[in-house]
Amino acid sequence: MHSFGYRANALFTFSVTALAFICAIASLSDNFSDQNPSAEIQILNINRFKKQSYENDEVSLTLDITADLQSLFTWNTKQVFAFVAAEYETPKNSLNQVSLWDAIIPDKEHAKFRIQTSNKYRFIDQGHNLRGKEFNLTLHWHVMPKTGKMFADKIVMPGYSLPDAYK
Amino acid sequence: MGWIGETVDSIKSIKIRQLLTQAVTLGMIVTSALIIWKAMMCVTGTESPVVVVLSGSMEPGFQRGDILLLRMTKDPIRTGEIVVFKIDGRDIPIVHRVIEVHERKTTGKVDVLTKGDNNDVDDIDLYADGQMWLHRHHIMGRAVGFLPYVGWVTIIMTEKPIIKYILIGAMGLLVITSKD
């Protein structure tokens, strides 16, 4: 009953159980944090708007993104992944979501920011439906914890539109 | 001389009973582990409720050796979700984020494009030749939770199979030599 094997086994089992318990508590504590992030996006410029040679529209635009995601950070947060996506509908597709820009926010200090950037990823439609198209810009965030459950949510900003003619 | 024979026999029979008990106990442990695994598959709705992160393409969020807890529901696939998918003809599951979704009005089918957070380009080059999008049937689950470092055990056992044999051998030895 007191051999090395039994003691090692008991110690191992106990430490694994204790670690699992601590991870669960850490993850649960995230549910109690009060979160109120805010964001605002302006389109500064439509740089290019054309039809690619094989029939798909492509847009390049410059965005001005202001956001305050500081309230998302808890002691159990490893990083927040934020991205901006354009959402719109076309005759063939009930929903299109195209990610335009993303960033990894490693800590609270970097979570309040304003940047002006052209879209990091190409905004290409399946077809040529984008002339005069109205779309939403959504800022999504994905909270990645040090351990446990991941949270994601978004702010939807409607009311943006593309020009009626190619540029 | 008769009672020596009897003693030997009784010793032999005790050993057999002990051996059988230990075999049954071992069988029970293995079977309960299997039951727990299958139950997790039912609850989470995916074939593999747990995956180990194998590459650095999602750093710094997920490092090699972390474990991801997965769940698959009938909810539509949307951008920002971290999904685990398999390319046709390849065995290794890949964990990346969805960056583009196009959902058909009539059929509800989706075209999905993914990208690893730490990669510069999207996953088009990873897909099969000529494939431009992922579809729902490629996706095995969404990542909902995360445990750091625990997956290193699996990585070590896969990359250095010697360790796997040593561990199993040691466990077997422990079972056989335990006195109760």
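Let me begin with Ile105(A), which counts as buried at 4% relative accessibility, where buried means under 20% relative accessible area, exposed over 50% and partly exposed in between, with a 1.4 Å probe and protein chains only. The model is predicted, so local features need pLDDT of at least 70 and side-chain atom pairs count only at pLDDT 80 or more, whereas totals for chains, interfaces and linings use all residues. Residues are numbered from 1 along each chain as its sequence is written, chains are lettered from A and ligands numbered from 1 in the order in which they are written, and side-chain values use heavy atoms, with hydrogens and water left out.

Ile105(A) belongs to strand β4 of chain A; strands here are DSSP runs of E of at least two residues, numbered from the N terminus. Not counting residues up to four places away in sequence, Ile105(A) touches Leu69(A), Phe73(A), Gln79(A), Val80(A), Ala82(A), His110(A), Ala111(A) and Phe113(A), contact meaning heavy atoms within 4.5 Å. Its C-alpha atom is 9.8 Å from that of Trp141(A), 36 residues apart along the chain.

Within β4(B), His102(B) is the bridge partner of Asn96(A).

I turn to the interface as a whole. Chain B contributes 30 residues to the contact and chain A 33 residues. Between them the chains bury about 2500 Å², 51% of it on carbon and sulfur atoms; buried area is the accessible area, with a 1.4 Å probe, that two parts lose on being put together, summed over both. In chain B, the residues losing the most area to chain A are His102(B), Lys105(B) and Phe146(B), together 22% of what that side buries.

Lys105(B) also forms a salt bridge with Glu89(A), the closest N and O atoms being 3.1 Å apart. The count between the two chains is 1 salt bridge, defined as a side-chain nitrogen of Lys or Arg within 4 Å of a carboxyl oxygen of Asp or Glu.

Finally, which residues does Pro145(A) contact, leaving aside its neighbours within four places in sequence? They are Asp30(A), Asn76(A), Thr77(A), Lys78(A), Met150(A) and, from chain B, Phe146(B). Pro145(A) is found in strand β7 of chain A, residues 134-145, and is buried, with a relative accessible area of 2%.

Technical notes
Two strands pair if DSSP finds at least two bridges between them. Helices (H or I, at least four residues) and strands (E, at least two) are DSSP runs, numbered from the N terminus.
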